[in-house]
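Hi there,

Here is the structure I promised to pass along. Have a look at it first, and then read on for my notes.

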Amino acid sequence: MPGPLSQLKVLDFTTLLPGPYATMMLADMGADVLRVEAPDRMDLTRVMPPHDGGVSTAHAYLNRGKRSLGLDLKKAESLEVIRRLVAEYDVVIEQFRPGVMDRLGIGYEALREINPELIYCAITGYGQTGPYRSRAGHDINYLALAGVSSHSGRRGDGPPPLGIQVADVAGGSHHAVMGILAAVVHRQHTGEGQFVDVSMTDAAFALNGMAGAACLAGGEEPAPESSLLNGGTFYDYYRTADGRWLSVGSLEPQFCQRLCDLLGIPGLKSYGLSQNPEHQKELKQGISEAVAKRTLAEWEDAFAGQDACVEPVLTISEAAEHPQLQARDMVIEVARQDGSPQKQIGHPIKFSRTPCQSSYTGKSLGADNQDILGS
């Protein structure tokens, strides 16, 4: 069956990561996504190494299932194409700085004159309002300004550069999808379209969750290794004898008891829920010394079948082969342009009646010009 969003048509003006990741999710769920790209403005994800068969793996993944229309938006005839297309589309999503689309003549106010039911989503670093609205930024800057970086990492080492782009994806991409789909539901009831303003800094600030609640309502300013979940307790990572790492999240008493028994430190099990920093320090030291005596594989065997909230820190290639992720179809094969399969990360949402699917990898720029302009 077609995906749950098979009736949704999306006009995508985004590049790089946040917007393309959002529209990839929509395309996986069945939406008809048409990317509008400028032939003279290279999207870095098209050229970013590594490459597979001459195509960037980032582009092949982020733009799977989407059609591509190459247009120079500085030309009047290109803008006329957009105006004609938008009359038939449900959603426009863009990632320019505030005001760019307005100056081109295809901003929200201009396009809703053509299609009053249009949902227009703008993803920016700082949003459409405020003193930073036109300021340049990247994921690391949004996390810094949102306070996330201040309570991450080790006390003596400062904030870490993360392995994934949290503000871009968890902030920009996911909130854009949520905002768009909420606006779709609203339109179904009222017939009204609307503007969806997504700030990656706002979203990153909201991701502070419990630490933010503790600070704003409880007056506790979080710092690295100061709380239950950021290294301030035994909830942490521990190095094994072969230089790998084991994650320990055994917070509940029954899990902590099982952990300490399996590690051979039963005398420390009562310290799990202690608020005494010295108790936590002693427990962490005991876990660290015990874990360091055996290899990661040995610990995997020891904790196999044990409910203790202890898992190995895997590489991406190891995670891809893990039986749990395999059982969830989180590694799929998507057709390259020549029809051969490419392994990619699968869609994380599972629908019982309208499963997600990815028909093909990201296309070459303007691959669908003839079909679209000809129609």
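Below are some notes on a sheet and on several salt bridges.

Please keep in mind that this is a predicted model.

Let me start with the sheet. Three strands form an open sheet in the order E9-E10-E11, and their pairing is antiparallel. Strand E9 (236–239) and strand E11 (310–312) are the edge strands, each pairing on one side only. On average, neighbouring strands of this sheet are turned by 30° against each other, direction ignored. E9 and strand E10 (residues 245–248) are joined by four bridges, and Tyr237 has Ser247 in E10 as its bridge partner. Helix H12 (residues 296–303) lies across E10 and E11, at about 35° to E10.

Now for the charged side chains. The structure holds 15 salt bridges, among them one between Asp32 and Arg67 (3.2 Å, N to O). Asp32 sits in strand E2 (residues 32–37) and Arg67 in strand E5 (residues 67–70), 35 residues apart.

Arg336 and Asp52 also meet in a salt bridge (2.7 Å, N to O). Arg336 is in the loop between strand E12 (331–335) and strand E13 (341–345), while Asp52 is in strand E3 (residues 51–52), so this pair ties together parts that are 284 residues apart in sequence. Arg336 is partly exposed, at 25% relative accessible area, and Asp52 counts as partly exposed at 24%.

Within helix H5 (residues 108–114), Glu109 and Arg112 lie three residues apart, about one turn of the helix, and their side chains form a salt bridge (3.0 Å, N to O). Finally, a network of salt bridges links Arg35, Glu37, Asp43 and Arg46.

Best wishes

Methods: Residues numbered from 1 in each chain as written. Predicted model: local features only at pLDDT ≥ 70, side-chain atom pairs only at ≥ 80, totals over all residues. Heavy atoms only, no water. Pairing = 2+ DSSP bridges. Helix = DSSP H or I, 4+ residues; strand = E, 2+ residues; numbered from the N terminus. Axes fitted to C-alpha atoms, helices over the stretch in contact; angles between N-to-C directions. Contact = heavy atoms within 4.5 Å. Salt bridge = Lys/Arg side-chain N within 4 Å of Asp/Glu carboxyl O. Buried < 20%, exposed > 50% of the residue type's maximum accessible area, 1.4 Å probe, protein only.
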